[in-house]
Amino acid sequence: MSKGSIRPDITLFVNGIPLVVVECKSPGVTDPIAAAVDQLRRYHNARKAAGEVEDNEGAERLFYTNQFLVATSYDEARIGTIGADARYYMEWKDTAPVALADVQTEMGKSVLSSQNRLIAGMLRPAHLLDIVRHFSLYQQISGRTVKVVCRYQQFRAVHSAVQRLLNGKTRAVDGEHDRRGGIIWHTQGSGKSLTMVFLLRKLRSIAALRRFKVVVVTDRKDLQRQLAETATLTGENIEVAKRVREVKSLLAKKGPGIVFATIQKYVDRDLESLSADDEVGDLGLINDDEAILVLVDEAHRSQSSALHAHLLQALPNCARIGFTGTPIIMGDKKRTHDIFGEFIDRYTIKESEADGATVPILYEGRTAEGAVSDGRDLDQLFEDMFDEEEGETVEAIQRKYATRGAILEASNLIEAKARDILRHYVESILPNGLKAQVVAFTRRAAVRYQAAFEAARDELVQEASDLDEPTRQLDDLELQEKPAKVRGVVRAWRSLDMLRKLEFAAVISPDNNDPPEWREWSEGGKIEARIERFKKPLPSADGGSGDPLAFLIVKSMLLTGFDAPIEGVMYLDRPIREAELLQAIARVNRTGHGKTAGIIVDYYGVARHLKEALAAYSTEDIEGALQSLKDEIPKLRDQHTRVVAIFRDRGFDLHTNSEDCIAVLRDERLRAEFTVKLKQFLSTLDLVLPRPEALPFVRDAEQLGFIYERARKLYREGMPELGKDVGRKVQRLIDEHIVSLGIDPRIPPIAISDAQFAEHVGRHVSDRAKASEMEHAIRHHIRKKLDEDPVYYQKLSERLEEILKKFGEDWEQLALTLKGFVEEVTKGRKKDEVVGLDPVVHAPFFDILRAEREKQTPTMAADLKWLADLTVTLVDRVIREHVNVVGFWKNATRQVELRGRLFEFVYENEIVDIDRADSVADRLLELAKANHHKLSEAT
């Protein structure tokens with residue numbers, strides 16, 4: 001198929017405008033969704049934009065008005081937006097607001113497949129138009145403009161909220177409570193704030209709700225910013241109340257509007273300082289209108305604040321919807337439901353992880369022994385020791401340190417833990433380019449941690465610089481025999497340039513009695529700047545842009561409402577429970593930056609006492625909240641077995657039959673299966689490394705990576721670089737291994753036109769390997785040239801298949817024959833002595849015309865000269881006249897004009913009949929586009 005012509009399986013049009021493109025794959029194909037997404041990316045040239053292919057291979061104009069893309073295999077169907085990789089495509093699992101039972105009846109099915117649910121829930125005409133109008137927007141993410149389409153739980157929640165607002169009883173009708181609101185619980189990181197944005201857009205297009213004044217109570221500036229952008233679509237302005245008196249003034253205004261009561265910590269001391277028991281003055285009755293909707297962010301804690309209590313007093317007839325990212329504590333459920341009403345929608349932690357909306361959170365514990373090991377002579381006084389010891393031991397601790405806080409603020413203990421944290425970070429997190437957050441016991445401890453990390457960094461840099469060369473070169477298997485300290489220093493040396501640059505910042509709230517030097521870490525403007533710096537990626541190894549601020553050290557700040565996908569690990573060093581615990585650990589559950597899981601490293605014992613810390617929640621509500629990193633080991637073992645079985649089941653060993661393993665992957669479907677299973681295995685391995693449990697799998701991982709890279713260079717299609725999908729720790733292992741075997745993964749496969757190609761083939765020992773190298777190099781060359789000269793290169797492709805069929809597994813004769821064929825293919829088309837056309841510019845067009853004419857009538861020898869002259873006229877006086885206009889291939893109108901001229905030319909000159917002129921004009925236009933660089937040269 002020509003790369004200039006694509007044929008998606010299904011395209012959905014609305015009034016002639018293509019809005020949705022669907023790619024369907026058989027359920028029997030290995031990883032059909034990945035295959036479908038890859039094809040969709042090819043269609044809109046995303047693979048070229050990402051540098052995965054060299055040439056244009058799609059038709060971008062089809063996607064100018066695209067709203068979203070669908071990849072489906074019936075059993076699994078997912079949606080994504082332009083440019084998204086496969087991991088960002090999500091299932092649509094609900095048919096809401098149409099009931100599931102009604103859809104089953106409508107479709108005549110007792111069980112709906114994933115594809116059925118997506119069609120009924122998303123592609124139903126009314127739903128599709130609704131999504132386009134209210135549930136699509138653009139966001140700036142890491143400097144890129146990204147198109148965002150709602151997920152099913154957001155669409156469902158907004159529709160449920162709208163129905164409750166429309167049909168629920170007002171306070172006056174009910175006689176006691178307003179029944180138009182409720183609670184939307186969507187687990188943190190799953191897009192709760194976007195749900196608020198979508199709700200606001202939906203409200204403004206419904207006549208009965210357009211008149212509502214919307215009051216948003218939040219402590220998040222980013223949510224305010226999102227809603228501000230949305231408000232421009234409605235012609236409304238957002239008004240922000242930073243002081244209590246401003247709340248009164250804005251709420252008293254009649255009519256619709258959007259009002260923010262923003263509780264922004266460390267910026268607005270007036271509202272931020274309010275607690276549940278503080279008095280803000282009796283606001284009195286400000287506005288008794290029923291057309292007021294109060295949206296409360298983080299409702300599980302806002303419901304008890306003084307500000308919120310007085311808002312309800314001031315707006316007695318308002319509807320209230322509470323949004324929360326954490327489950328509601330069982331003891332508080334009654335009060336929360338009394339204030340807001342029953343649940344409108346629930347989307348749990350387990351559902352979010354299953355959908356890929358958030359990544360799982362894994363924890364590992366590090367104790368006193370871990371922090372003060374390697375010969376450091378420090379008192380091993382950690383929280384778990386303090387709790388568990390009795391009698392004289394406790395008394396001795398209390399006499400020495402007086403209070404628990406003094407223990408955890410002790411400089412020598414913080415310094416010891418800072419060393420351990422930094423080494424853990426450098427070994428396990430830094431190689432993947434992620435950042436860290438530390439939760440300290442007090443603000444004083446946070447400040448001390450900041451200084452301790454700088455000292456620990458300088459110490460580790462010096463130790464790494466002092467390593468002798470043989471120790472530096474130890475690989476991970478050899479390192480396992482060395483002490484923990486040596487292992488850490490060697491791994492630090494591998495990231496030495498980045499380690500030198502690492503920066504650390506404390507983030508604390510201010511207090512009037514703080515020492516002057518603490519202002520560096522509590523001043524609002526500096527905190528804002530550091531947060532923005534922290535959200536940026538680390539500088540790349542080649543000196544690319546980024547920011548080296550890698551650690552934020554906090555006591556309580558940034559544990560809620562802080563969204564930084566770059567954060568890969570959180571180190572806990574203080575007691576933390578219930579909602580605060582769930583909110584804190586959710587800082588690492590955001591997707592992005594290649595993250596497959598967020599890591600919690602527990603220095604306090606929170607994870608060991610997890611059941612107690614979360615005892616206030618129902619088991620169902622917190623299922624999947626925190627899992628042990630040890631649970632990944634069985635999964636790693638299973639994934640290893642599955643990928644190795646691809647070769648073992650065929651009688652081949654990875655290490656002794658590598659050439660046979662590579663030959664097995666000749667089958668395209670098997671290559672796809674291998675790619676999927678290898679990526680799963682390597683991703684989990686990267687997560688577990690450098691822990692000892694991962695080391696038994698390293699040798700096979702290196703060899704599998706070698707086989708993959710050899711196959712990728714040999715077969716040249718359908719096997720993207722591993723680096724985009726596996727962690728950097730594993731990628732470094734594989735790269736070092738294959739480089740040691742003579743392959744540089746950064747160098748692309750050698751082309752048959754390369755002067756060194758024959759020498760490259762000659763390096764292979766076996767005739768089978770030589771023949772395979774030449775075969776696939778020829779295939780790749782033909783694929784690249786097919787658009788420029790389709791008839792000629794199609795004939796070459798057919799000749800290649802004849803040669804392969806003729807010689808079968810006679811590798812010696814096949815290698816000799818292919819060697820001659822390589823020379824022929826490299827030289828390209830010769831000048832035709834009969835018609836004498838330019839073989840580069842005119843001959844490809846001549847072959848198209850000749851082939852199309854011969855489909856309806858034999859071409860006699862006398863006709864060839866006539867057809868050749870017409871070809872020269874067509875190319876030089878019609879095609880070149882158009883395509884040499886600047887910007888021609890970006891101008892749809894001019895292309896339509898040229899296509900019309902081509903149609904007239906082939907019909908009026910009686911080259912083909914009128915019923916074939918359309919398709920011939922299309923082929924000629926595609927050929928002209930593929931040969932633009934040749935046609936643009938001087939005639």
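Q: Is Trp521 buried or exposed?
A: In this predicted model, Trp521 is buried, because its relative accessible area of 12% falls under the 20% cut-off. Trp521 sits in helix H26, residues 519-522.

Q: Which residues does Trp521 touch, leaving out those up to four places away in sequence?
A: Trp521 touches Phe504, Ala505, Ala506, Val507 and Ile508, and also Val447, Gln450, Ile527 and Arg530.

Q: What share of the contacts in the protein chain with a separation of 6 or more comes from residues 24 or more positions apart?
A: Such pairs account for 72% of those contacts. As for burial over the protein chain, 53% of its 939 residues count as buried. The protein chain exposes about 42000 Å², with 49% of that area supplied by carbon and sulfur atoms.

Q: How many helices and strands does the protein chain have?
A: The secondary structure comes to 43 helices and 21 strands.

Q: What span should the 17 residues of helix H38 have?
A: At 1.5 Å a residue, helix H38 (residues 811-827) should span 24 Å, and its end C-alpha atoms are in agreement with that, at 24 Å apart.

Q: Which residues of H38 are buried, and where do they lie around the axis?
A: The buried residues in H38 are Leu814, Ala815, Leu818, Phe821, Val822 and Val825. They lie on the same side of H38, because the arc they cover around the axis is only 130 degrees. These buried residues pack against helices H35 (757-762), H36 (767-785) and H37 (790-807). On the face turned away from the buried side, H38 carries the exposed residues Leu816, Lys819 and Lys827.

Q: What follows H38?
A: Gly828 follows H38, and its phi is positive, near 85 degrees.

Q: How should I read the order of strands in a sheet?
A: Strands of a sheet pair through backbone hydrogen bonds, in a parallel or an antiparallel sense. Here, an open sheet of five strands has the order E1-E2-E3-E4-E5 and mixed pairing. Its edge strands, E1 (10-14) and E5 (90-91), each pair on one side only.

Q: In what sense do E4 and E5 pair, parallel or antiparallel?
A: E5 and strand E4 (residues 77-80) pair in the antiparallel sense, over two bridges. Within this pairing, Met90 in E5 stands opposite Ile79.

Q: Which helix packs on the sheet that holds E4?
A: Helix H4 (residues 114-123) packs there, touching E1, E2 (17-24), E3 (68-72), E4 and E5. The direction of H4 makes about 40 degrees with that of E4.

Q: What is the strand order of the open sheet of seven strands?
A: The order is E17-E18-E16-E19-E20-E15-E21, with parallel pairing. Strands E17 (503-507) and E21 (627-628) stand at its edges; each has a single partner strand, so one side of each has no neighbour in the sheet.

Q: Over how many bridges do E16 and E18 pair?
A: Strand E16 (residues 435-439) and strand E18 (residues 549-554) pair in the parallel sense over four bridges. Val554 in E18 is the bridge partner of Val439. Helix H27 (residues 524-535) lies across E16, E17, E18 and E19 (567-572), running at about 130 degrees to E18.

Q: Which backbone angles deserve a second look?
A: Most peptide bonds are trans, and most residues other than glycine have a negative phi. Here, the peptide bond joining Ala96 and Pro97 is cis, with omega about 10 degrees. Pro97 is in the loop between E5 and helix H3 (100-107). The bond from Leu689 to Pro690 is cis, with omega near 5 degrees, and Pro690 lies in the loop between helices H32 (668-688) and H33 (698-715).

Q: What is phi of Asn45, and where is Asn45 found?
A: Phi of Asn45 is positive, near 65 degrees. Asn45 is found in the loop between helices H1 (32-43) and H2 (46-49). With a relative accessibility of 6%, Asn45 counts as buried.

Q: What is phi of Tyr74?
A: Phi of Tyr74 is near 75 degrees, a positive value in a residue other than glycine. Tyr74 is in the loop between E3 and E4, and counts as partly exposed at 33% relative accessibility.

Key. Residues are numbered from 1 along each chain as its sequence is written. This is a predicted model: local features need pLDDT of at least 70, side-chain atom pairs count only at pLDDT 80 or more; totals for chains, interfaces and linings use all residues. Side-chain values use heavy atoms; hydrogens and water are left out. Buried means under 20% relative accessible area, exposed over 50%, partly exposed in between (1.4 Å probe, protein chains only). Contact means heavy atoms within 4.5 Å. Accessible areas come from the Shrake-Rupley method with a 1.4 Å probe; for residues, only the protein chains shown count as cover. The expected span of a helix is 1.5 Å times one less than its number of residues. The arc is that of the directions from the helix axis to the C-beta atoms. Two strands pair if DSSP finds at least two bridges between them. Axes are lines fitted to C-alpha atoms, for helices over the stretch in contact, and angles run from 0 to 180 degrees between N-to-C directions.
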